[in-house]
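These notes go through the model point by point. Please read them with the coordinates open.

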There are 2 protein chains.
Amino acid sequence: MTEVATVRRSRITPEREAELYSAVLDLLREVGYDALTMDAVAARTRSSKATLYRQWGGKPELVAKAVRHSKPGGSLSDIDTGSLRGDLHSLTLRSDDCQMEQNSALMRGLAMAVHGNPDLLKAFKEHLIEPEMAEFKRVLQRAVDRGEVRADNPAADYMMHMMIGAFAARTLLDEQPPTQAFLLSYIDAVVLPALGVPTS
Amino acid sequence: MTEVATVRRSRITPEREAELYSAVLDLLREVGYDALTMDAVAARTRSSKATLYRQWGGKPELVAKAVRHSKPGGSLSDIDTGSLRGDLHSLTLRSDDCQMEQNSALMRGLAMAVHGNPDLLKAFKEHLIEPEMAEFKRVLQRAVDRGEVRADNPAADYMMHMMIGAFAARTLLDEQPPTQAFLLSYIDAVVLPALGVPTS
């Protein structure tokens with residue numbers, strides 16, 4: 001079985017696979033999960049539907065693999081500015097406004113679909129949310145170790161809620177994608193004061 | 001034209017109209033905007049599709065009217081506890097956990113759809129977001145008037161981002177609907193400290 005699966009997979013080159021995943025994510029952002037059809041994927045990528053079904057099994061599997069394939073850009077390991085404010089600002093500046101707009105559209109497109117689709121939810125959490133959370137936790141832990149943030153500060157548990165919430169609320173309330181300028185301002189106005197860190 | 005429209009509308013009693021809107025909102029929460037069909041509304045409400053189209057014109061109009069019809073519960077005018085913490089807690093306690101779960105599902109169902117559908121976005125903002133914002137602004141203004149919050153506190157501009165963000169992030173990160181307990185804890189840990197208000 002494994003061999004057959006391997007043989008099947010090898011029919012598609014990694015470049016072609018990346019191209020397909022990229023088209024799936026584009027469609028997700030444009031129309032959302034429910035309205036995304038295998039027909040549209042086939043048309044956009046000039047594949048046959050039969051190939052898509054043979055290779056991925058179905059829409060949830062294809063979308064989950066595409067999300068899984070989209071790695072959040074860069075590693076944080078090299079960010080260590082010596083202050084929580086510096087680290088959070090650097091984290092924010094890793095994604096340019098265009099990438100943030102794309103992530104925002106992707107999040108919107110998936111938010112409804114992950115509900116009631118465990119495979120998709122798993123891919124979404126494992127490959128988009130959890131790597132982000134791990135990075136923010138590392139940054140926060142260093143701030144605690146430096147004595148910048150008290151270990152028992154109640155806002156520490158809500159680090160990700162503050163950041164993801166700002167991201168989501170910006171789209172919803174202001175009808176515009178989150179930008180670097182907005183997130184830097186939010187970090188200074190909300191996140192750092194909640195954590196008891198002076199911003200000047 | 002107006003008279004004809006009035007006559008048409010009068011074929012449906014207000015009770016029947018409310019019943020239809022409630023069914024539309026239920027369907028929205030269950031399947032989202034894209035997957036919601038006029039067929040499903042007709043089946044759920046035992047109406048004919050012809051009646052639905054004659055009465056509302058189409059899906060965006062029907063959904064916009066349904067959202068417009070769902071008033072956020074109760075008026076705030078009677079909430080005035082004398083402290084920002086008390087007011088924010090009272091605001092939160094107005095919706096029980098079941099209502100919050102419903103609002104969270106509704107928000108999820110609409111988040112994708114409002115994008116690219118100006119009528120729906122307008123109904124969503126006018127009838128769900130803006131009344132909430134006005135209430136939070138009133139509460140905040142009273143806190144500024146009392147001297148509890150500085151007028152130039154930068155977090156004041158993000159009051160709604162903090163609250164809506166907590167609501168949205170809870171669903172996304174913790175895979176559970178926001179509860180009263182969660183929001184009260186978030187208000188104490190994040191919102192009040194960001195606004196410079198001591199929580200004890």
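Predicted model: local features only at pLDDT ≥ 70, side-chain atom pairs only at ≥ 80, totals over all residues.

1. Residues are numbered from 1 along each chain as its sequence is written, chains are lettered from A and ligands numbered from 1 in the order in which they are written, and side-chain values use heavy atoms, with hydrogens and water left out.

2. Through which surface do the copies meet? Of the interface residues of chain A, 100% are also interface residues in chain B, so the copies meet through the same surface. Contact here means heavy atoms within 4.5 Å.

3. Rings of Phe, Tyr and Trp (its six-membered ring) pair if their centres lie within 6.5 Å; planes under 30 degrees apart count as stacked, over 60 as edge-to-face and the rest as tilted. This rule gives eight aromatic pairs over all chains. One of them is edge-to-face: A:Tyr158 with B:Phe182, at 5.8 Å centre to centre and 80 degrees between the planes. The pair joins two chains, because A:Tyr158 lies in the loop between helix H8 (118-146) and helix H9 (159-174) of chain A and B:Phe182 in helix H10 (residues 180-194) of chain B. Helices are DSSP runs (H or I, at least four residues), numbered from the N terminus.

4. A:Tyr158 has 11% relative accessibility and counts as buried (under 20% relative accessible area, 1.4 Å probe, protein chains only). B:Phe182 is buried at 4%. The rings of B:Phe182 and B:Tyr186 form a tilted pair, since their centres are 5.9 Å apart and their planes at 40 degrees. B:Phe182 and B:Tyr186 are four residues apart in helix H10 of chain B, about one helical turn. A:Tyr158, B:Phe182 and B:Tyr186 form one aromatic cluster.

5. The charged end of A:Lys59 sits over the ring of A:Tyr33, 4.4 Å from its centre (NZ of Lys or CZ of Arg within 6 Å of the ring centre and within 35 degrees of the ring normal). In chain B, B:Lys59 lies over the face of B:Tyr33, at 4.5 Å from the ring centre.

Terms used. Buried < 20%, exposed > 50% of the residue type's maximum accessible area, 1.4 Å probe, protein only.
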